[in-house]
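Here are my notes on the model you sent. They take the core, then the aromatic residues, then confidence.

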Amino acid sequence: SPGLPLVLAEREGSLYGGRSQSSDVFREIRETHGDVMDALDAHLDGANDATQEEDFETSEALFHEWLHTFEDQASGFSSPLLFCQLKYKEVDTQLCDGMRTPNSLRLSACAVIFDRLLSSLTHHTALIDALKDEVFRGLWQGYQADSHIKGEFFNYKPYYVIASEQESKMGSMISELALLTEDKRTLQLPQKKMVRSIESRRLEGM
């Protein structure tokens with residue numbers, strides 16, 4: 001795969017003299033900074049694969065439906081551990097089956113299971129709650145303590161989505177830079193020809 005930046009450049013290449021010019025620019029960049037470009041492409045591909053087909057509205061509706069059954073079924077189990085194991089298997093093999101990871105539905109459901117498992121610990125303390133909130137704040141931007149109680153995960157944007165958006169912007173900026181560089185080279189060609197023409201005339205007059 002040529003990678004997102006190269007694909008973007010090729011799509012927009014017709015605006016600056018054709019597809020091949022933009023492709024040549026990126027090939028030159030890859031020859032000089034191949035490792036960096038490969039690493040960037042890997043990040044872009046992974047992040048975009050995880051989010052490009054995610055329907056957040058549908059995921060939120062499915063999550064709240066699942067959360068309702070979660071609360072209804074919890075009282076029917078004497079073992080919180082067994083209940084959490086069964087619900088995780090349900091998330092893994094049914095609720096999120098076939099979906100790319102990470103995704104908001106899986107992340108939110110697992111957070112609910114994680115919270116219930118921690119709450120069932122015999123020596124549950126304020127420290128455990130504090131550590132849990134630290135973990136959740138590291139997963140969602142702007143997460144507020146106790147938001148998990150009402151299942152309000154979809155009020156916040158996961159950091160993997162933010163990272164994907166930033167990486168996509170970076171890819172677009174790199175492609176635009178390459179196009180501008182090629183455009184500058186194209187503009188410089190007439191100047192070089194003019195200089196060569198003047199030099200040729202001088203040589204002819206000698």
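1. A nonpolar core is a set of buried Ala, Val, Leu, Ile, Met, Phe, Trp, Tyr and Cys residues joined through side-chain atoms within 4.5 Å; buried means under 20% relative accessible area, with a 1.4 Å probe and protein chains only. In this predicted model, the largest such core has 21 residues, and Phe 63, Trp 66, Val 91, Leu 95, Val 112, Trp 140 and Phe 153 have the most contacts inside it. Helix 3, helix 4 (80-95) and helix 5 (104-119) each give two or more residues to this core; helices are DSSP runs (H or I, at least four residues), numbered from the N terminus.

2. The model is predicted: local features need pLDDT of at least 70, side-chain atom pairs count only at pLDDT 80 or more, and totals for chains, interfaces and linings use all residues. Residues are numbered from 1 along each chain as its sequence is written, and side-chain values use heavy atoms, with hydrogens and water left out.

3. Rings of Phe, Tyr and Trp (its six-membered ring) pair if their centres lie within 6.5 Å; planes under 30 degrees apart count as stacked, over 60 as edge-to-face and the rest as tilted. The count is 14 aromatic pairs. One of them, Trp 66 with Phe 70, is tilted, at 5.2 Å centre to centre and 40 degrees between the planes. These two residues are about one helical turn apart because they lie 4 residues from each other in helix 3 (residues 56-74). Trp 66 is buried at 5% relative accessibility, and Phe 70 is buried at 0%.

4. The protein's average pLDDT (the predictor's confidence in each residue, from 0 to 100) is 76, and 63% of the residues score at least 70. Residues 47-52 are below 50.

Conventions: Buried means under 20% relative accessible area, exposed over 50%, partly exposed in between (1.4 Å probe, protein chains only). Contact means heavy atoms within 4.5 Å.
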